[in-house]
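Dear colleague,

I am handing over the structure we spoke about, so that you can look through it yourself before reading my notes.

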Number of protein chains: 2
Amino acid sequence: MPDITGGWADTVKQAMPNVTRNTRQRAEVLALLREVEDFHSAQQLHQMLLARKAGVGLTTVYRTLQLLVDAGEIDSTRLPGGEQLFRRCSQSKHHHHLVCRDCGRTVEVAGPAVERWAGQVAAQHGFVDVGHTLEIFGTCPECVR
Amino acid sequence: MPDITGGWADTVKQAMPNVTRNTRQRAEVLALLREVEDFHSAQQLHQMLLARKAGVGLTTVYRTLQLLVDAGEIDSTRLPGGEQLFRRCSQSKHHHHLVCRDCGRTVEVAGPAVERWAGQVAAQHGFVDVGHTLEIFGTCPECVR
DNA sequence: ATCGTTGCAAAAGATTTGCAACTTC
DNA sequence: GAAGTTGCAAATCTTTTGCAACGAT
């Protein structure tokens with residue numbers, strides 16, 4: 001049977017190893033993240049949960065998202081304005097984003113070479129537990145006109 | 001005569017074309033930025049100005065930094081926590097940072113290959129006026145112990 | 001004298017935290 | 001019933017804005 005979710009964790013405990021209780025709220029957040037494609041802010045996700053009467057508080061949304069980031073189940077970026085955005089990691093391969101300054105349109109790009117380079121550089125300086133963030137900004141074809 | 005400042009704009013009007021008045025406060029901010037090496041937050045810079053009794057308000061620090069970013073005279077990044085950091089563009093060559101999660105220690109690293117790659121990727125998607133940000137995070141040798 | 005600039009205080013936003021009530025195991 | 005979770009309200013923190021006073025040209 002094909003895995004429609006792209007292999008994404010289905011259950012709360014699967015997604016959040018650092019957690020002991022299995023709650024309705026966490027399941028709701030997971031379910032929502034499974035449905036949406038792009039990056040959304042915690043506030044946006046909370047609004048969506050309100051809209052579907054999921055009964056999940058904003059605080060819990062923040063806390064759950066943080067757990068998921070820690071567990072590596074979701075990616076997070078930051079908007080130029082400082083707002084944090086979250087999104088399900090759809091591909092096993094790590095990737096980056098090409099973001100339009102004007103309309104916010106996002107294109108995913110893979111950069112295996114960059115990954116390796118970052119790891120090497122960090123290792124050279126004795127850093128461990130390494131991660132990185134890379135965003136490319138520009139004006140997309142739509143917004144140039 | 002050698003240019004000690006690394007060719008960095010010396011005067012207010014030089015640094016901020018989009019400005020008409022030449023004020024003491026702006027000169028103070030410029031002077032400070034000329035002296036500090038690494039990234040600092042607006043708040044940190046303001047503290048330094050207080051320490052040297054420069055008489056520049058926090059609001060003005062923010063406004064001046066924004067003018068300088070717009071003018072392309074300083075770089076800005078964002079910490080994982082969302083705080084914005086500013087730094088004089090000291091080198092013509094673009095480079096990135098390896099930052100310790102715990103102590104904040106920063107190592108500059110050059111990545112010419114990454115630059116080229118980012119430009120290519122963006123061009124492939126028809127994006128123009130391209131820039132990028134790349135930060136590598138990890139735990140530095142000091143903080144591992 | 002004009003009009004850009006400053007800086008205080010207040011507003012605006014996003015995110016975090018204290019804590020009592022409530023679930024899950 | 002013990003311990004993890006929730007969610008409200010309040011706190012925190014960074015950054016922005018209104019506006020009257022100020023200062024550069």
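In this predicted model, S76(B) stands opposite F86(B), a residue of strand 3 of chain B. Strand 3 of chain B, which covers residues 84–88, pairs with strand 2 of chain B in the antiparallel sense, and five bridges join the two. Both belong to an open sheet of three strands in chain B, whose order is 1-3-2 and whose pairing is antiparallel. At the edges of this sheet are strand 1 (40–41) and strand 2 (74–78) of chain B, each of which pairs on one side only. In general, the strands of a sheet pair through backbone hydrogen bonds.

The other part of my notes concerns DNA strand D, which is surrounded by 21 residues, with R21(A), T60(A), R63(A), Y62(B) and Q84(B) the closest. By type, the residues of this surface divide into four nonpolar, 11 polar and six charged. Helix 2 (24–35) and helix 4 (58–70) of chain A, as well as helix 4 (58–71) of chain B, each supply at least two of the residues there, and the largest share, four residues, comes from helix 4 of chain B.

Of the atoms of DNA strand D within 4 Å of the protein, 62% belong to sugar or phosphate, while the rest belong to bases.

With best wishes

Notes: Residues numbered from 1 in each chain as written. Chains lettered and ligands numbered in written order. Predicted model: local features only at pLDDT ≥ 70, side-chain atom pairs only at ≥ 80, totals over all residues. Heavy atoms only, no water. Near = heavy atom within 4 Å. Nonpolar A, V, L, I, M, F, W, Y, C, P; charged D, E, K, R; others polar. Pairing = 2+ DSSP bridges.
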